[in-house]
Amino acid sequence: MTGTAPPHLMGHLAPVADEIDAVELPVDGALPRELTGRYLRNGPNPLPGEVSAHWFAGHGMVHGVRLRDGRAEWYRNRWVRTAALEGRSFVRADGTFDHSVGHANTHVIEHAGRIMALVESSFPHVLTPELDTVGPDDFGGRLTTAMTAHPKTDPVTGELHFFGYGIRPPFLTYHRLSADGELVTSAEVAVPGPTMMHDFAITDRHAVFLDLPMTFQPQLLAEGMPFGWDDAYGARLGVMPLDRPGEVRWFDVEPSYVFHVGNAHTDAAGRVVLDAARYGAPDAVAMWGGLGSDPAGPAAAAAATGTAHLHRWVLDPVTGAATETALDDRAVEFPTVDDARVGREARYRYAVADSGGGAAIIKFDAAHGARTEHDLGGDTVAGEAVFVPSAAPDRAEDDGWLLSITTRRDGSASQLLVLDATDVAGPPVAAVTLPRGVPSGFHGSWIDDAALARR
Ligand SMILES: [Fe+2]
């Protein structure tokens with residue numbers, strides 16, 4: 001990209017121009033031998049010469065690093081071969097979305113032994129373990145809405161809970177995949193209007209929906225994203241018993257925006273406790289402006305992604321009471337949790353921070369209200385830190401590693417960083433030198449070989 005590129009295509013966000021393969025990558029330190037699988041990460045990457053109108057609008061590209069027996073066997077990157085990549089628009093002539101087209105640029109997960117690239121405007125796109133695209137999947141025609149990029153796997157049942165939102169009714173639909181990948185439940189959830197609902201939460205018995213004031217505003221499409229802050233919409237969190245799909249109790253909350261949930265659980269009193277990275281109203285407005293075509297430069301983008309704070313809501317479906325508490329004063333994004341604790345009370349959260357002058361991978365300890373940081377210095381930014389458990393029986397919650405792709409701020413180089421999750425502030429256990437700068441993107445997953453073998 002030239003110096004005239006918009007901020008979301010510059011520096012560590014600059015797209016790469018091609019697909020490459022590299023084998024036997026250099027490793028500093030020692031990769032844990034039990035890490036046998038793939039770390040996959042998705043993000044927007046427009047085609048060469050293409051200028052996406054918004055950071056969120058580029059074609060999906062998945063970067064993968066294959067680890068086995070203490071070696072980094074390969075790196076490869078592949079665009080998700082969507083119809084959009086071939087030039088088809090996902091907006092039909094009548095303004096509705098063609099869910100078989102979307103950009104598939106936000107997340108990449110495994111369920112029932114299959115790898116899926118996700119974006120909230122379309123069906124999932126199935127990938128092979130080598131990152132070739134199989135195609136969009138509507139689960140045998142049963143999925144009639146888009147699918148969020150942030151589904152949640154119940155660690156006990158293995159079911160995948162998710163939702164789809166639309167700009168025309170039904171605005172919100174809850175869905176559930178069985179552990180073997182069959183779409184078994186879909187139920188409409190009544191909401192006042194169409195909003196950009198990016199994430200949600202589950203507990204062992206509830207789903208939690210975030211009906212927040214980032215509403216569909218078609219006149220904004222020219223600026224890249226047809227959603228904007230709407231003071232009049234209000235803000236609600238909805239609690240739905242998983243055994244009564246579609247029946248939601250709503251709680252009015254202070255207007256705010258949330259891209260990313262940390263975790264949720266239902267406590268012994270039946271109250272739902274939700275943690276998320278929350279943008280207060282002024283920060284939400286500033287963040288949204290900074291993400292778009294704001295010409296203020298990369299500093300604006302850095303500031304925009306650095307104003308959310310971990311926050312807790314406690315919702316009591318019996319009394320109707322809702323309380324809110326700020327959990328920490330450090331601005332963070334991309335909160336993660338041990339997948340085995342999704343929907344259950346969890347002591348630890350992980351997140352990344354970028355104050356513009358310095359970036360860090362952060363661990364929060366709810367038991368002590370403590371925070372430890374792995375400082376990356378001023379020249380490097382951290383991608384989402386994914387927790388990978390050790391194989392030890394009866395392991396402690398943080399017995400495992402954090403995997404994150406880091407990128408030089410100028411986009412020139414990247415590493416796959418492996419941190420000991422029990423000692424986040426300590427030196428990395430291992431750092432794999434990747435053969436290129438990997439643009440900072442969105443979300444990814446560690447996919448163990450054993451998970452793929454389940455297919
Ligand atoms: Fe996300």
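Predicted model: local features only at pLDDT ≥ 70, side-chain atom pairs only at ≥ 80, totals over all residues.
Trainee: What makes Asp 199 count as buried or exposed?

Mentor: Its relative accessible area is 4%. Buried means under 20%, so Asp 199 is buried.

Trainee: And how do you know which residues are protein donors of the iron ion?

Mentor: A donor must be an N, O or S atom within 2.8 Å of this metal. The NE2 atoms of His 150, His 198, His 260 and His 443 lie 2.0 to 2.2 Å from the iron ion, so these four residues are its protein donors. Their spacing in sequence is H-x47-H-x61-H-x182-H.

Trainee: What makes His 198 and His 260 a pair that links distant parts of the chain?

Mentor: They are 62 residues apart: His 198 belongs to the loop between strand 13 (183-188) and strand 14 (201-202), and His 260 to strand 20 (residues 256-266).

Trainee: Why is the arrangement of the four donor atoms around the iron ion called irregular?

Mentor: The angles there run from 90 to 167°. A tetrahedral site needs all angles between 85 and 135 degrees, so the 167° angle rules that out. The arrangement is therefore classed as irregular. For reference, the ideal angle for four tetrahedral donors is 109.5 degrees.

Trainee: Are His 198 and His 260 buried or exposed?

Mentor: The relative accessibility is 9% for His 198 and 6% for His 260. With the cut-off for buried at under 20%, His 198 counts as buried, and so does His 260.

Trainee: Now the sheet with the order 24-25-26-27: what makes strand 24 and strand 27 its edge strands?

Mentor: Strand 24 (333-336) and strand 27 (370-377) each pair on one side only.

Trainee: How confident is the predictor in the chain?

Mentor: The mean pLDDT is 93, and 96% of residues reach 70 or more. Over residues 293-304, though, pLDDT stays under 50.

Conventions:
Residues numbered from 1 in each chain as written. Heavy atoms only, no water. pLDDT = per-residue confidence, 0-100. Contact = heavy atoms within 4.5 Å. Donors = N, O, S within 2.8 Å, 3.2 Å for Na, K, Ca; no water. Tetrahedral: all angles 85-135°; square planar, octahedral: opposite > 155°, others 65-115°. Helix = DSSP H or I, 4+ residues; strand = E, 2+ residues; numbered from the N terminus. Buried < 20%, exposed > 50% of the residue type's maximum accessible area, 1.4 Å probe, protein only. Pairing = 2+ DSSP bridges.
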